[in-house]
Amino acid sequence: MKIAPSILSANFANLLEDVKKIEKDADLLHIDVMDGHFVPNITIGPVVVKSLRKFFSLPFDVHLMIENPDLYIEEFANSGADIITVHQEACIHLHRTIQKIKGYGKKAGVSLNPATPLETLKYILQDVDMILIMTVNPGFGGQKFIDSMLKKIEELKKMREDLGLNFEIEVDGGINLYNVKEVVEAGADIIVAGSAIFDSSNPAQTIKEFREAIEK
Ligand SMILES: O=C(CO)[C@H](O)[C@H](O)COP(=O)(O)O
Ligand SMILES: [Co+2]
């Protein structure tokens, strides 16, 4: 099980120091990109990804919550993203978008909003490296986990088994020390956590506690 702290809840005025706090304990760095159109919030773009890349070697997991992601894939690829995840709801030609990400030598992820059925992924599952199940409506950190998404994670895991595929299942939104175990038991391979990690007094220690909570 991998842990991907989301910098959405880091201090943007002190981003370098905040990421240094989790660098050794995290498996990936989750970077939430929001455009004010696909979601009602605006965060950061490729310039910030590029600036961070100079200081860190851990994989960058870039979650694009933007309309027309095709327009920005090249820039994010060149800025140092390792995984580029687009939303199914934002892509008219999703298969083409996935191929574009892979064409830059990056891992391709596809994310689903809570209301979007798994069936929309049926014909692209064999093409992706990762599926990101949103367990909050995207746009903001610190929201409450939507419990009905546990079934969705279980169903996706079953689909993966039935099809004999090996994409990773990432789960994002409202995950904390109290619910992480059931999220992993449902089928998550990668856990994203923003507020639970960066709002804590010791983010590195909190990541260790996440791993302990799963073992319990
Ligand atoms: O994609 C996101 C929101 O759209 C964030 O990654 C997610 O919400 C993480 O924050 P938290 O753990 O505080 O819910
Ligand atoms: Co995210």
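Let's start with Ser-195, which is partly exposed because 17 other C-beta atoms lie within 10 Å. For the cut-offs, with C-beta atoms placed from the backbone, 20 or more others within 10 Å make a residue buried, 12 or fewer make it exposed, and anything in between is partly exposed. Ser-195 belongs to helix 7; helices here are DSSP runs of H or I with at least four residues, strands are runs of E with at least two, and both are numbered from the N terminus. Setting aside neighbours within four places in sequence, Ser-195 is in contact with Ser-9, Gly-141 and Gly-142, where contact means C-beta atoms, placed from the backbone, within 7 Å.

A word on what we are looking at. This is a predicted model, in which local features need pLDDT of at least 70, side-chain atom pairs count only at pLDDT 80 or more, and totals for chains, interfaces and linings use all residues. Residues are numbered from 1 along each chain as its sequence is written, while chains are lettered from A and ligands numbered from 1 in the order in which they are written.

Gly-194 counts as buried, because it has 24 C-beta neighbours inside 10 Å. Beyond four places in sequence, its contacts are Pro-5, Ser-6, Leu-8, Ser-9 and Gly-141.

Now to the ligand. Which residues come nearest to ligand 1? Out of 22 around it, they are Ser-6, Pro-138, Gly-141, Gly-194 and Ser-195; a residue counts as near if its C-beta atom, placed from the backbone, lies within 6 Å. Strand 2 (29–34), strand 3 (60–65), strand 8 (190–193) and helix 7 (195–198) each give two or more residues to that shell. By class, the shell holds eight nonpolar, 12 polar and two charged residues. Here Ala, Val, Leu, Ile, Met, Phe, Trp, Tyr, Cys and Pro are nonpolar, Asp, Glu, Lys and Arg are charged, and the others, Gly among them, are polar.

UniProt, in an unreviewed entry, lists a "binding site" at positions including Ser-6, Gly-141, Gly-194 and Ser-195. Positions are in the numbering used here, feature names are shortened, and annotations may be inferred rather than shown by experiment.

The unreviewed entry also gives "binding site" for His-30, Asp-32, His-63 and Asp-172. They are spread over 143 residues of sequence, yet they cluster in space, with a largest C-alpha distance of 10.5 Å. His-30 sits in strand 2 and is buried, since it has 27 C-beta neighbours inside 10 Å. Among the contacts of His-30 are Ala-4, Asp-61 and His-63. Asp-172, in strand 7 (residues 168–172), is buried too, with 26 other C-beta atoms within 10 Å. Asp-172 also touches His-63, along with Leu-132, Met-134, Thr-135 and Val-192.

Stepping back, the chain has eight helices and eight strands. Of its 216 residues, 41% count as buried. The C-alpha trace spans about 45 × 40 × 30 Å along its principal axes.

Finally, the core. In soluble globular proteins, nonpolar side chains tend to be buried together. The largest nonpolar core here has 60 residues, and Val-62, Ile-84, Ile-133, Ile-153 and Ile-191 touch the most other members. Such a core is a set of buried Ala, Val, Leu, Ile, Met, Phe, Trp, Tyr and Cys residues joined through C-beta atoms within 7 Å. The contacts of Ile-191 include Met-1, Ile-3, Val-171 and Phe-210.

Methods:
Contact = placed C-beta atoms within 7 Å.
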